[in-house]
Amino acid sequence: EKGGYEHFMLKEIFEQPRSILDSMRGRMITEGNHLMMSGFREFENKFINAERILIVACGTSWHAGLVAEYLIEDFARIPVEVEYASEFRYRNPIIRESDIVIAISQSGETADTLAAIELAKSKGATIFGICNVVGSSIARTTDAGAYTHAGPEIGVASTKAFTAQVTVLTLIAMIMGAKRGTLETTKLHELMAELDNIPAKVERALKLDAQIQEISEKFKDATNFIYLGRGYNYPVALEGALKLKEISYIHAEGYPAAEMKHGPIALIDEQMPVVVIATKDSSYEKIVSNVQEVRARKGQVIAIVTEGDTTIPTMADHVIEIPETSEHLAPLLSVIPLQLLSYHIAVMRGCNVDQPRNLAKSVTVE
Ligand code: F6R
């Protein structure tokens, strides 16, 4: 059942080239540059004319929502707010009939997300669900939706569901941008071609497994970790930190890299591993300075960089090279080494990676 893998989590990490492909199958036809999402079509006009989009989710699904905020605002130029479902439902939020609410949930059973949907529904908003489990409660209560088609996710720590969510949300942002005319056609076609290359690039990123295992050996006894990223890689920093704490029980914090100097930098000393996601994108120069700031305080830098980078390898203690891609699609690749890092560290610490203590796969109570 684990397909020869030692744990479901590892199997699910390695399934990602396939699950990402499944999440876009039939939705993106690169020949003729065709994009379609059946669940989306009925509410297409509402989406395109929306004054605002609210995203509600918890945990890893909330991180996928953060990536979607950047994508939708960039491609479709519609304001997006990403909310923790638990906060949204209890804080007397402003919800209008013209709002589109996107609820993201792997299990489709998360109590807080379900309650946030009910609240938004009662105010007349249109609810669009992005779920993995077919026929789940959230999939049934939403007005429309798109399944992520990642296949059953058994490991409690979410991996392939996250990349499938990000893929579906990327397609939605692209469709919205194309229909609104805010995403240039040439750019759209470039993105489609690049999205088509992602499964093969994830496959290449998975080849880093042995190298990541060696790095994990060096850090398995750490008591704290910091993860830094900017732009599209900021949600990935949060996700990397969440993966590590969930399954290895090492305390980890994810931050947008520029926030470091507003507090967390005080934590950095020779004992502190800092994972920096520093792929070649529009904030590359800025993140190079962040790496220097960490080095100056003797933090140990594990950098995720784009293949061929010659600058960061001169300053980082450990360098993990991932294939180059568009910055808009970066999370789909940069999250892979972080999933593997947390997996190997957890295994080396003797943790039950598929069923970490205190956690359940579906959080059906608030
Ligand atoms: C992280 C994790 C949790 C879930 C969260 C939401 O690995 O498993 O943080 O992401 O409980 O669950 P869903 O997506 O099922 O609503």
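Across which strands does helix α7 lie, and at about what angle does α7 run to β5?

**View 1. Helix α7 on the sheet of the predicted model.** Helix α7 (residues 111-122) lies across β3, β5 and β6, and runs at about 165 degrees to β5, where axes are lines fitted to C-alpha atoms, for helices over the stretch in contact, and angles run from 0 to 180 degrees between N-to-C directions. Helices (H or I, at least four residues) and strands (E, at least two) are DSSP runs, numbered from the N terminus. The model is predicted, with local features needing pLDDT of at least 70 and side-chain atom pairs counted only at pLDDT 80 or more, while totals for chains, interfaces and linings use all residues. Residues are numbered from 1 along each chain as its sequence is written, and side-chain values use heavy atoms, with hydrogens and water left out.

**View 2. Buried residues of α7.** Ala111, Asp112, Thr113, Ala116, Ile117 and Ala120 of α7 are buried (under 20% relative accessible area, with exposed over 50% and partly exposed in between; 1.4 Å probe, protein chains only). The elements covering these buried residues include β3, α6 (85-90), β5, β6 and α8 (137-141), contact meaning heavy atoms within 4.5 Å.

**View 3. The open five-stranded sheet.** The strands follow the order β4-β3-β5-β6-β7 with parallel pairing, two strands being paired if DSSP finds at least two bridges between them. Because β4 (80-84) and β7 (144-147) stand at the edges, each with a single partner strand, one side of each is left without a neighbour in the sheet.

**View 4. Pairing of β5 with β6.** Strands β5 (residues 100-105) and β6 (residues 126-131) pair in the parallel sense over six bridges, and isoleucine 102 has phenylalanine 128 in β6 as its bridge partner.
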